[in-house]
Amino acid sequence: MLRQDRTKENTAQHEPASLGPPPPEILSLLDVLFVEYPSNFVLSEMRQSKLASTLLSYLRLPQRTPALVLHLLDARLHIRALRIMHLGAEVGCTYSPKFYGQCAEGLARLGCWRQVVDLTSWARQRLGYTTTWLLNWRLQALMELQHFVSTEDVLALYEKERVRASRLTYHLIISMHMRNHHLTAALDALQHMERAGFAVTARTWAVVLLGYRSFGVTPAVKSQALAALGTAADDKTSTVILNSIVRLLLDTGDMTGVAEVLSYASRPSGDPSAGPGEGSTLHGDASVGSPTTVGSPRPSRSTSSRQNPVDVTTYNLLLGHLARQGDLTRALNVLRQMQAAAVRPNSDTAAALVRLYYAAGHSNDALHVAAGVLNNLPDALEQLTLLGFSPSTAPQHPIPPPTPPTIQVL
């Protein structure tokens, strides 16, 4: 019988969330001990230290070790966290599967993928079993380390450990093959997923499209991805799919395809009269699509309200592409539609406009955008005059509201 994910099992006695942060004196004690023992914490050596005895007494208290480990991970002190975890085990602490999963997640946030692999192996040794959650973290860590594994080997491991592969497991396998530029293996993993009883959903297509840039986009993939827009379980998934398609098409310079996709995504759901490409002339004129079709709410696909998937990232992708083309006319039309749709520009918008205005020969307008970014930094603002900025000369083209300064803008 397959072992179910036991991450919720017996977690109450290990749950550290209600304890709050560790006492300051314990954290200060750690600073001293990590100088005294720079390479490792070994219980047999630390028993001889008076300072260490205070820490060891603290770790033996219920729930204290898990809480301290998670606090150190939040503070980006992963080496300390892992040493405390091992030291706690030496003094008799036991950890729940949920705690191991939380630690894997904390290490992943810090990009410590090799430590994630080590942690999941150690957790398997300590628990005597593993869980789907932990194996999924291990699989993602292997992918991030570019240690690519075949679909058969991954599924064999899950079967050996008597845990059930989840939808996320298959999505990770697909993503791993896409990252390895192995399209055939990714499509084979899709078939494995369906045979396991997991239908291909909009979220699956989002995973595929995010990894599809190295292959380009075929008409069949575009058609299936567009169909997935209508069945996406949430607005965020729809937006990820839409922006992935737009990015792929822009990479190949297919402006006609972009126009079709935006028109399709923006039409009222279930409206058979509005086919792809209708109401949008991005490929042959100055517009991306009328304000009534791009950026405006549309009727729901079902009984619940569903928003248009076009977001600020969609507009930024278009502006960035048009900036590289030096196409001021169509870029300004995108800005007008962005305003009509009440989509607020962000720092990426400002960066795209800086590139656009410079490419179109309007350097003072570009510097006006930069000035808006630096409006709370008067010393930095003065430096723009060295680049030829004339603040008394009004800009000729739209300047977005001030956004936080970023490397891209500067």
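Predicted model: local features only at pLDDT ≥ 70, side-chain atom pairs only at ≥ 80, totals over all residues.
Is Q146 buried or exposed? At 60% relative accessibility, Q146 counts as exposed.

**Loop residues with positive phi**

- Q146 sits in the loop that links α8 (132-144) to α9.
- Although Q146 is not a glycine, its phi is positive, at about 60°.
- Q63 is another non-glycine residue with a positive phi, here about 70°.
- You will find Q63 in the loop between α3 (50-59) and α4 (64-74).
- With a relative accessibility of 24%, Q63 counts as partly exposed, while Q146 counts as exposed at 60%.

**The α9 and α10 pair**

- The crossing of α9 past α10 is right-handed.
- On the α9 side, T151, V154, L155 and Y158 make the contact, and on the α10 side the residues are T169, Y170, I173, M176 and H177.

**V117 in helix α7**

- V117 belongs to helix α7 (residues 113-127).
- Its relative accessibility is 16%, so V117 counts as buried.
- Setting aside residues up to four places away in sequence, V117 touches A141, L142 and L145.
- V117 and W137 are 20 residues apart in sequence, and their C-alpha atoms lie 7.9 Å apart in space.

**N243 in helix α14**

- Helix α14 (residues 235-251) holds N243.
- N243 counts as buried, because its relative accessibility is 6% and the cut-off for buried is under 20%.
- Beyond its neighbours within four places in sequence, N243 is in contact with D311, T313, T314 and L317.

**Cysteines**

- C103 counts as buried, with a relative accessibility of 1%.
- C93 also counts as buried, at 12% relative accessibility.
- How many disulfides are there? With sulfur atoms required to lie within 2.5 Å of each other, the count comes to zero disulfides.

Terms used. Residues numbered from 1 in each chain as written. Heavy atoms only, no water. Left-handed = near helix turned anticlockwise from the far one by under 90°. Helix = DSSP H or I, 4+ residues; strand = E, 2+ residues; numbered from the N terminus. Contact = heavy atoms within 4.5 Å. Buried < 20%, exposed > 50% of the residue type's maximum accessible area, 1.4 Å probe, protein only.
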